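The stops below are meant to be selected in order.

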Amino acid sequence: MNRFPLIRLMGALACVLASGGAQAVSSGAPPQKLSDGVAALLPMCAACHGIDGVSSIGLYPNLAGQKPEYVAKQLRDFKSGQRSDAVMRPMAEPLSDDMIEALSRHFGTMKPPR
Ligand code: HEC
């Protein structure tokens, strides 16, 4: 008898999880047209920063919703060595200024985590 509320709760939870998952997929879609070179980089960035710009690993920062100017500055600083990180430096080194701008806009327009 009193199992019904639990079942309803689980049903509601399943809905929340399902819609959360669907949201993650849709917000993972590029918000604007990216050049092929930049689009090809995204799966690599996503491996650490999450497909939707929200990382699932504590030491890897979220990028979704971050200010594009800030993201661009960090990428330029990683590239020049002004910001030192053994993981990010080789990621930023091959990026052109145009790629940095495009990646920064891309992550900036993604939905930030709540
Ligand atoms: C192997 C994992 C890995 C990959 C791949 C990776 N990153 Fe990172 N990224 C990190 C880590 C770790 C940091 C934090 C560095 C630190 O502690 O200073 C970081 C930091 C950053 C930051 C600074 C964030 C902030 O809040 O200051 C930006 C921007 C960034 N990454 C962009 C990118 C982009 C764009 C790509 C793809 C071209 C990428 N990353 C690929 C691991 C990764």
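Predicted model: local features only at pLDDT ≥ 70, side-chain atom pairs only at ≥ 80, totals over all residues.

Residues are numbered from 1 along each chain as its sequence is written.

Select residues 68-80, helix α3. Helices here are DSSP runs of H or I with at least four residues, numbered from the N terminus. The end C-alpha atoms of α3 are 18 Å apart, which agrees with the 18 Å that 13 residues should span at 1.5 Å a residue; the expected span is 1.5 Å times one less than the number of residues.

Next, colour V71, Q74, L75, F78 and K79, the buried residues of α3. They cover an arc of only 135 degrees around the axis, so they sit on the same side of α3. The arc is taken from the directions from the helix axis to the C-beta atoms. Buried means 20 or more other C-beta atoms within 10 Å of the residue's own, exposed 12 or fewer, with C-beta atoms placed from the backbone.

Turn to the face away from the buried side: the exposed residues E69, Y70 and S80 are there.

Now show the ligand, which 18 residues surround; the closest are C45, C48, P61, Q74 and D85. A residue counts as near if its C-beta atom, placed from the backbone, lies within 6 Å of the molecule. α2, α3 and α4 each give two or more residues to this shell.
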